[in-house]
Amino acid sequence: MDGVKLHGFWASPFSSKVIWALKLKGIPFDYIEEDLSNKSALLLQYNPVHKKIPVLVHGSRPVCESMVIIEYLEETWPQYPLLPIDPHERAVVRFWVKFIEEKSPNIWIVYRSVGEEQEKAVRDSVEMLSILEQHGPNRGKKFFGGDDINIVDIAFGGVALWVGAIEEVSGRKLFDAGKFPRLNAWMANFESPPMIAENLPDQEKLRDHLARIKEKRLSSSTCK
């Protein structure tokens, strides 16, 4: 079997999503930590279009974009399936992944913006959480995938498990356990398995990292 390498960054939820999928499937891999201020020649070679992490390299073949990588892992390594077999169920799962991918950028805007831009991002983020609370596919189950973690859990995990740090850095409340009891229970279930819990960024270090990004963004915007 060709070796697997992952180019990532410790604070990136996009890297974490791929690591979770690799761990759940039991795929051995080498991890290469990238310095995003001084990207490696290999990263630029493997992803010349966006020049971003994560990049999975299987043998000599690179695959870019976190959810594309996870679909590739699913098709290449069938163990621990992350998508259902039934075509309709697969379509439903992909719908929710697309919904999360489209709506979640608002959460990142919350901590690096102010004023009306931040207010709109807060409203849109809470709306996304409300829709997942009311209509998400985990009714009566531990996970969006039922009794096991699936690709929707991984997609949302890359948002939900960063919300606490974003709230602290931004000073804005997004997640209310009383308002979102199903998502609150889901979060407790999702972050419990060792494959997830042992592959999360240190929260204090993450808060400091996000705070530096916020300070840099806001200082550059005031200088314009």
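Reply: We shall discuss a helix pair, a residue and several charged pairs in this predicted model.

Me: How do helix α3 and helix α7 pack, and at what angle?

Reply: The angle between N-to-C directions is read first, and over 145 degrees counts as roughly antiparallel. Here helix α3 (residues 66-76) and helix α7 (residues 151-160) pack at about 155°, their axes lying 11 Å apart, which makes α3 roughly antiparallel to α7. Their crossing is right-handed.

Me: Which residues of α3 and α7 meet?

Reply: From α3 come M67, I70 and E71, and from α7 come I151, I154 and A155. Five residues of this contact are nonpolar, none is polar and one is charged.

Me: Is I100 buried or exposed?

Reply: Under 20% relative accessible area means buried. I100, in helix α4 (residues 87-103), is therefore buried, at 0% relative accessibility. Leaving aside residues up to four places away in sequence, I100 touches L132, V152, A155, F156 and V159. The C-alpha atoms of I100 and F156 are 6.5 Å apart, although 56 residues separate the two along the chain.

Me: How many salt bridges does the structure hold?

Reply: Side chains of opposite charge can pair when their charged atoms come close. The structure holds ten salt bridges. Among them, D2 pairs with R61, with the closest N and O atoms 3.7 Å apart. D2 lies in the segment before β1 and R61 in strand β4, so the pair ties together parts 59 residues apart in sequence.

Me: Where do E119 and R172 lie?

Reply: E119 is in helix α6 and R172 in the loop between α8 and α9, 53 residues apart. Their salt bridge has its closest N and O atoms 2.9 Å apart. E119 is partly exposed at 30% relative accessibility, and R172 is partly exposed at 23%.

Conventions
Residues numbered from 1 in each chain as written. Predicted model: local features only at pLDDT ≥ 70, side-chain atom pairs only at ≥ 80, totals over all residues. Heavy atoms only, no water. Axes fitted to C-alpha atoms, helices over the stretch in contact; angles between N-to-C directions. Helix = DSSP H or I, 4+ residues; strand = E, 2+ residues; numbered from the N terminus. Parallel < 35°, antiparallel > 145°, perpendicular 65-115°, else oblique. Left-handed = near helix turned anticlockwise from the far one by under 90°. Contact = heavy atoms within 4.5 Å. Nonpolar A, V, L, I, M, F, W, Y, C, P; charged D, E, K, R; others polar. Buried < 20%, exposed > 50% of the residue type's maximum accessible area, 1.4 Å probe, protein only. Salt bridge = Lys/Arg side-chain N within 4 Å of Asp/Glu carboxyl O.
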